[in-house]
Amino acid sequence: RRMEGCPEVSLTVAHIVRRLRGSHLHSQIERQAKDCLHQPEIKLESLKDDVRNYLKASGWERKLQNAVYRELHIQLPPGHPSAPPEHLKEPLAYMRKAQAGWEKRVLKSLNSMSTELEVPLARMRPAAEQKELAGKWNEMGTDEPDLSRFRPVYAPKDFLEVLISLRNPNYNSSEDVGVRSHWGLIQVPLGVRDIPQLRQAYPELNLSSGQLGIDDHAHIHPDLFENEYVQIGQKVLSQQDSAAAQQYSRRGCPTGLRADVWALILNATNQPQDVMYYEQLKAGVIQHDLLVDNLIYKDVKLTASNDDYYFVFEDFLYQVLLCFSRDTSVLEHFAYNSATPPKSYVQGNAGDDKQAVFYPPNGVIPFHGFSMYVAPLCFLYNEPSKLYSVFKEMYIRYFFRLHSISSSPSGIVSLCLQFECLLQTYLPQLFYHLRQLGAQPLRIAFKWIVRAFSGYLSTDQLLILWDRILGYDSLEIVAILAAAVFAFRAENLMEVRSSSSAEAVLADLSTLKVMPLIQIFLFATSV
């Protein structure tokens, strides 16, 4: 009640109502409300309450709550009513400028590839080719085009150089030189948390709480913790409550429940209309050939196809990523993404803004390693339309932040700074030692962070990490784990005498156990 007079809340409510009105869910609830008027328990004198009780009892109220919960999680932070829209995308002007400059570079690289290789950005496939692609849709990995001429538009290390060069023009870092100055590569002042603050933010991860990923391997009988925990998970799923599922995921998801818990947190449904939407995207892939398709093929070949865990999912990855590139509904997330979707011109109309179209249609140019955002999800979902809707939700909530320049606490700049600050504050000797060797820790850790560790941890451990990303609705845990890995290997790292030896010590993370590392780093480090 007290919140009613709050302008931010009424703005948020109005925004969510506007987003949900006209959605498929809205028309379904409307239809249910009309149909229930014929029920004997609906009385004219108490019509409003009776209809509401009916919708509650039949599960529609819960579906509406989950839809609102989803909107709140991807909803823009309440801004000033008269703030310009670019402030909702990114409040800091120098970040917006850096992102725009980076986008220009990426688009230029894509256009010059199109010109050099004489491959159009898009073309209609001839009927015979459409028929052939439709026929081999489930085995695209067997017969992809010649990719030797194509190269990734950019790799994470190119992006890191841009982040290193970021500076706030209003902040003179030279004033701050001395013991307190920042030794790392990221030189912008953003607020990141220290260990005492992180302990408060992640109370469920403390050493006395049961965790999946620890207690199921401990000396105590695993059945004690896990059996009870699985029962709670089944109850959460039977209630179909997104908020409860998110809270549950903070302590990890049991393997058998994870797929359903994640889909519930993300409110990623697999209704007939979702399957139909996926089929429409597939039809779009079959009709038109895009230059970015070759980048997707190339990326899957360079990454997932060479990975011991993921090579079996090659065809799934092609299907999901090709459909994703055609999905214009992804454009909506640019309202709160600091990035702006790139535009290209319809042939022969360069410079005519009326003839400019978003390219690729979803506004996202894939880069080296992009397919690794999808690969781990293939372990959870074997139905392409379900896999697709979960990946899309993961992307528009989390993964886009890993490759766009912003001041968001879950953005790549904050994550890099968080990692460096944790290392400098709690392992200063190690940081100083590596820096003297020319092995800046972030240069080693950046590839882990930008992929949220996909392709670096064993799959079971990666899913345990991603449980917590979903549970806390934040990518911060990725930066914490990166620092914890350095802490875990600190003894070996202190003995190395060259940057290549430092990289060798951290080359293989496949044997690491995520939760013990995070717990020890957060709750057993002396502060």
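Let me begin with a term: a residue is called buried when its relative accessible area is under 20%. Please bear in mind that this is a predicted model.

With that cut-off, consider helix H12, residues 258-266. Eight of its nine residues are buried, so H12 is largely enclosed by the rest of the structure. The buried residues are Arg258, Ala259, Val261, Trp262, Ala263, Leu264, Ile265 and Leu266. Just after H12 comes Asn267, with a positive phi of about 55°.

I turn now to the domains. The protein chain is divided into domain 1, residues 7-74, and domain 2, which comprises 92-164 + 270-402. Their C-alpha centres are 35 Å apart.

How much area do domain 1 and domain 2 bury between them? The figure is about 570 Å², with 43% of it on carbon and sulfur atoms. On the domain 1 side, His24, Arg70 and Ile74 account for 69% of the area buried against domain 2, more than any other three residues. In terms of contacts, five residues of domain 1 meet six residues of domain 2.

Helix H4, residues 60-74, gives the most to the side of domain 1 that touches domain 2, namely three residues. By class, that side of domain 1 has one nonpolar, two polar and two charged residues.

Thank you for your attention.

Technical notes: Residues are numbered from 1 along each chain as its sequence is written. This is a predicted model: local features need pLDDT of at least 70, side-chain atom pairs count only at pLDDT 80 or more; totals for chains, interfaces and linings use all residues. Side-chain values use heavy atoms; hydrogens and water are left out. Domain bounds come from an automatic or database domain assignment. Contact means heavy atoms within 4.5 Å. Buried area is the accessible area (1.4 Å probe) that two parts lose on being put together, summed over both. Helices (H or I, at least four residues) and strands (E, at least two) are DSSP runs, numbered from the N terminus. Ala, Val, Leu, Ile, Met, Phe, Trp, Tyr, Cys and Pro count as nonpolar, Asp, Glu, Lys and Arg as charged, and the others, Gly among them, as polar. Buried means under 20% relative accessible area, exposed over 50%, partly exposed in between (1.4 Å probe, protein chains only).
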